[in-house]
Amino acid sequence: MGQGLAAEGNAPEGTDSAEYSITTLSYRVAVPAADRFIQAMEDYARAGGGYLVRRNGGQLVLRVPRKLGRAAIDKEIKSIPGTQVLQDARDSQEVTTRLVDLRAKYRVARQNLDKLRALSKTAGLDDLLDLEKALSQPLQEVENLKGEIRYLEELRAVYSLQRSINQGE
């Protein structure tokens, strides 16, 4: 592999032809005690390698590794005493094309940055300031693309769990 993100160890190995999707599991639940339910779900997410994204009143968003499986997540939700699942849905967003595009842009930006760095080694003092200015834009572009790729790679490895919680129903 060339100068791509995966070659730097910053993204999982893989080919651009793999299919990638981001999945959101949405639940609307009725519980006797919202705080206990929220704490139990946060604990479940952390124990499985996930984390809390947002907790706002009766809304809860967690990221849970896909490796746990949807059936296990459903079972965990239903195992919390008094929990009644009122509605559940699954939404998948295909991001293969976006990732392929980002990786291609990343490779080009990285090559341009490498060319500018090579020029800076042979430049005279008069040209160094101009080259330094020219380096800042491709460097920022490389970092932005790397960040977008990491974000999509992370999202494809987890379920985004969104819960709307009704207490006392």
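This is a predicted model: local features need pLDDT of at least 70, side-chain atom pairs count only at pLDDT 80 or more; totals for chains, interfaces and linings use all residues.

Mentor: Glu148 has a relative accessibility of 32%. Buried means under 20% and exposed means over 50%, so a residue in between, like this one, counts as partly exposed.

Now look at where Glu148 sits. You'll find Glu148 in helix 4, which covers residues 125-156. If you skip the neighbours within four places in sequence, Glu148 is in contact with Arg98 and Leu102. Leu102 is 46 residues away from Glu148 in sequence, yet their C-alpha atoms are 7.7 Å apart in space.

Leu102 is one of the buried residues of helix 3, and the others include Leu99, Tyr106, Ala109, Leu113 and Leu116. An α-helix has 3.6 residues a turn, so residues three or four places apart point the same way. Helix 3 itself takes in residues 96-122, 27 residues in total. From its first C-alpha to its last, helix 3 reaches 40 Å, close to the 39 Å expected at 1.5 Å a residue.

Time to zoom out a bit. The protein has four helices and five strands. Reading from the N terminus, the order is β-α-β-β-α-β-α-α-β. Five strands make up an open sheet, in the order 2-3-5-1-4, with mixed pairing. Strand 2 (51-56) and strand 4 (84-94) are the edge strands, so-called because each pairs on one side only. On average, neighbouring strands here are turned by 15° against each other, if you ignore direction.

Want to see how those strands hold hands? Strands of a sheet pair through backbone hydrogen bonds, either parallel or antiparallel. Strand 1 and strand 4 run antiparallel and are joined by 10 bridges. Along this pair, Tyr27 stands opposite Asp88 of strand 4. Strand 3 and strand 5 also run antiparallel, with seven bridges between them, and Leu60 has Arg163 of strand 5 as its bridge partner. Strand 2 and strand 3 pair in the antiparallel sense over five bridges. Strand 2 and strand 3 also form a hairpin with two residues between them. Gly57, in the turn, has a positive phi of about 60°.

Strand 3 deserves a stop of its own. Six of its seven residues are buried, so the strand is mostly covered. Val61 counts as buried because its relative accessibility is 6%. Its bridge partner is Arg54. Beyond its neighbours within four places in sequence, Val61 is in contact with Leu52, Val53, Arg54, Ser160, Leu161 and Gln162. Leu161 is 100 residues from Val61 along the chain, but their C-alpha atoms are separated by 5.4 Å.

Leu161 leads us to the inside of the protein. The largest nonpolar core has 19 residues, and Leu161 is among those with the most contacts inside it, together with Phe37, Met41, Ile73 and Ile165. Strand 1 (21-31), helix 1 (34-47), strand 3, helix 2 (70-79) and strand 5 (158-167) each give at least two residues to this core. Helix 1 gives the most, with six residues. Follow Ile165 for a moment: apart from neighbours within four places in sequence, Ile165 is in contact with Val29, Val31, Ala34, Phe37, Ile38, Gly58 and Leu60. There's also a second, separate core of 16 residues, and this one includes Tyr20, Val95, Ala109 and Leu116.

Helix 2 lies across strand 1, strand 3, strand 4 and strand 5, and it runs at about 15° to strand 1.

One last look at the whole chain. Of its 169 residues, 37% count as buried. Among contacts with a separation of 6 or more, 76% come from residues 24 or more positions apart.

Note on methods
Residues are numbered from 1 along each chain as its sequence is written. Side-chain values use heavy atoms; hydrogens and water are left out. Buried means under 20% relative accessible area, exposed over 50%, partly exposed in between (1.4 Å probe, protein chains only). Contact means heavy atoms within 4.5 Å. A nonpolar core is a set of buried Ala, Val, Leu, Ile, Met, Phe, Trp, Tyr and Cys residues joined through side-chain atoms within 4.5 Å. The expected span of a helix is 1.5 Å times one less than its number of residues. Axes are lines fitted to C-alpha atoms, for helices over the stretch in contact, and angles run from 0 to 180 degrees between N-to-C directions.
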